[in-house]
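Please read them with the structure open beside you.

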Amino acid sequence: MATNSEQHTSIPTTATYSSNGGQASQSPLAGVPQAPKDPMFGLSAAYRADTDPKKVDLGVGAYRDNNAKPWVMPVVKKADEILRQTPDLNHEYLPIAGLNEYLSASQQLVFGEDSPILKDHRVATMQTISGTGALHLGARFLHKFFPESEAKRVYVSSPPYVNHLPILHDARLETGFYPYYTPTTKSLDFENLLSTLETIPRNSIVLLHACAHNPTGVDPTQSQWRQIASVMRERHHLPFFDSAYQGFASGDLDADAWAIRHFASLDFPALLVAQSYAKNFGLYGERTGCLHVVTQEAELAGRIGSQMEKLQRVNISTPPAYGARIASTILNSPALFAEWQSDLKTMSGRIVEMRKALRSLLENGKGGEGKWKHLTEQTGMFCYTGLDPEQVRQLREQWHVYLTGDGRVSVSGLNWGNVRYVAEAFGGVTGKGGRARI
Ligand SMILES: Cc1ncc(COP(=O)(O)O)c(C=O)c1O
């Protein structure tokens with residue numbers, strides 16, 4: 001075992017701390033470098049600082065209603081009221097794994113009520129700090145328990161969700177990419193995706209987006225998912241699903257869980273799901289999620305659960321209660337569950353409507369039929385417009401329209417009050433129309 005002095009040899013002595021105006025700093029932390037600003041949060045700050053009344057925020061990663069305001073779902077308000085009226089509700093710690101009735105309802109939501117996985121008790125589930133916490137717990141678990149080999153590497157989509165690599169690297173996992181997107185067609189790079197899964201080492205870990213891929217908005221079809229699953233099963237890869245948009249993508253909870261359930265039906269030796277309730281309940285700040293680890297035996301699931309509890313204990317000790325209580329109240333009440341489904345349709349329906357409106361405005365403008373068809377072919381909150389960094393810069397500086405440098409638009413930032421202006425702005429920077437009526 002390393003002694004304390006051995007462990008500390010890389011830390012500089014007082015004499016080598018960086019100097020400040022010729023005076024040596026006394027702080028042992030003086031060498032801490034400035035970290036770059038998070039690009040997403042930087043974009044929001046720039047938008048807030050813009051005083052132009054026409055400004056439009058298409059960077060926001062949270063649902064906005066037709067007045068560009070956050071939307072508390074009516075069913076969430078009801079659950080909140082029910083909790084407030086519960087006389088014996090207290091602020092005690094939850095169990096380390098989380099609120100029991102929330103965990104079982106979350107399993108049913110992901111895998112389906114009749115899933116053999118649940119009947120056979122082959123899944124270990126932990127309540128987590130939303131989807132990010134689930135991804136991180138899963139990554140830490142894999143770092144600790146996935147056998148050492150050349151296959152111990154997590155493959156993420158290219159382009160990846162902005163936080164996937166940082167989370168995986170923080171858990172000290174090696175990473176690689178699988179091709180996902182073809183810019184020229186603005187669609188799935190299916191052949192290269194499949195051939196990469198065929199050629200990476202057997203037993204690799206593959207991080208997949210369950211639906212509504214972020215940032216591209218491009219999802220495989222069911223037939224493509226079947227082929228992906230079959231190659232992964234044959235090559236003994238471990239599927240690690242990121243499910244951040246169940247019910248939000250299509251408005252249908254079962255349709256958005258189709259890929260996970262299909263993989264689960266193929267009896268992979270192990271399968272992970274990081275589940276977030278941030279978007280589909282609008283519980284962003286309540287940090288409500290779950291990590292599920294599926295195995296082929298109940299006894300192994302029990303051992304995995306015990307190890308995940310150990311990881312949870314040192315990281316957050318026990319999870320936060322409020323969001324889980326809201327979600328559990330809705331998930332465990334048939335009446336509230338039905339209302340939730342209708343609220344999900346309201347959100348996803350508005351997004352589909354805005355995709356159609358923007359496309360229609362852009363294509364009608366200068367006879368550019370089909371040029372913006374990717375706007376309606378993609379799904380979920382995000383859309384990869386194909387706008388390049390220079391066009392994104394012009395949009396921000398000349399039109400006060402804010403989107404990420406890769407041309408990703410958060411469709412929920414569009415509404416009937418700004419979509420014409422945004423179409424005009426897109427038309428202005430691309431020369432592809434945008435002035436017609438819809
Ligand atoms: C693909 C994907 N995964 C995970 C997350 C994590 O979200 P949260 O930690 O808020 O649940 C997000 C949020 O935008 C996402 O888009």
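1. In which loop is Pro215 found? In this model, which is predicted, Pro215 belongs to the loop between strand S9 (205-209) and helix H9 (222-234). The peptide bond that joins Asn214 to Pro215 is cis, with an omega of about 20°, and the side chain of Asn214 also takes part in the ligand site, where one of its polar atoms lies 2.8 Å from an oxygen atom of the ligand.

2. The ligand has 13 residues around it, and those that come nearest are Ser130, Thr132, Asp242, Tyr245 and Ser276. For Ser130, a polar side-chain atom is placed 2.5 Å from an oxygen atom of the ligand, while for Thr132 the distance between an N or O atom of the side chain and an oxygen atom of the ligand is 2.4 Å. On its own the ligand has 390 Å² of accessible area, of which the protein covers 91%.

3. Pro159 sits in the loop between strand S5 (153-158) and helix H7 (164-170). As background to both bonds, most peptide bonds are trans.

4. For comparison, most residues other than glycine have a negative phi.

5. The largest pocket holds about 1,200 Å³ of space. Its lining is made up of 44 residues, among which Phe41, Val60, Gly61, Ala62 and Lys279 are the closest to the pocket centre. By type, the residues of this lining divide into 20 nonpolar, 14 polar and 10 charged.

6. Which helix gives the most to the lining of the largest pocket? That helix is H2, with 6 residues. At least two residues of the lining are supplied by each of helix H2 (39-49), strand S3 (56-57) and helix H6 (130-145). In terms of domains, the lining of the largest pocket takes at least three residues from domain 1 (39-71 + 348-430) and at least three from domain 2 (76-332).

Methods
Residues are numbered from 1 along each chain as its sequence is written. This is a predicted model: local features need pLDDT of at least 70, side-chain atom pairs count only at pLDDT 80 or more; totals for chains, interfaces and linings use all residues. Side-chain values use heavy atoms; hydrogens and water are left out. On a 1 Å grid over the protein atoms alone, a cavity is a set of points where a 1.4 Å probe fits but cannot get out, and a pocket is an open set with protein on both sides within 12 Å along at least five of seven lines; lining residues have an atom within 4 Å of a point. Grid points are joined across faces, edges and corners, and a volume is the space filled by probe spheres set on the points. Helices (H or I, at least four residues) and strands (E, at least two) are DSSP runs, numbered from the N terminus. Ala, Val, Leu, Ile, Met, Phe, Trp, Tyr, Cys and Pro count as nonpolar, Asp, Glu, Lys and Arg as charged, and the others, Gly among them, as polar. Domain bounds come from an automatic or database domain assignment. A residue is near a molecule or strand if one of its heavy atoms lies within 4 Å of it. A polar contact is a pair of N or O atoms within 3.5 Å; within protein, one must be able to donate a hydrogen and the other to accept it, and residues adjacent in sequence count only if both atoms are side-chain atoms. Accessible areas come from the Shrake-Rupley method with a 1.4 Å probe; for residues, only the protein chains shown count as cover.
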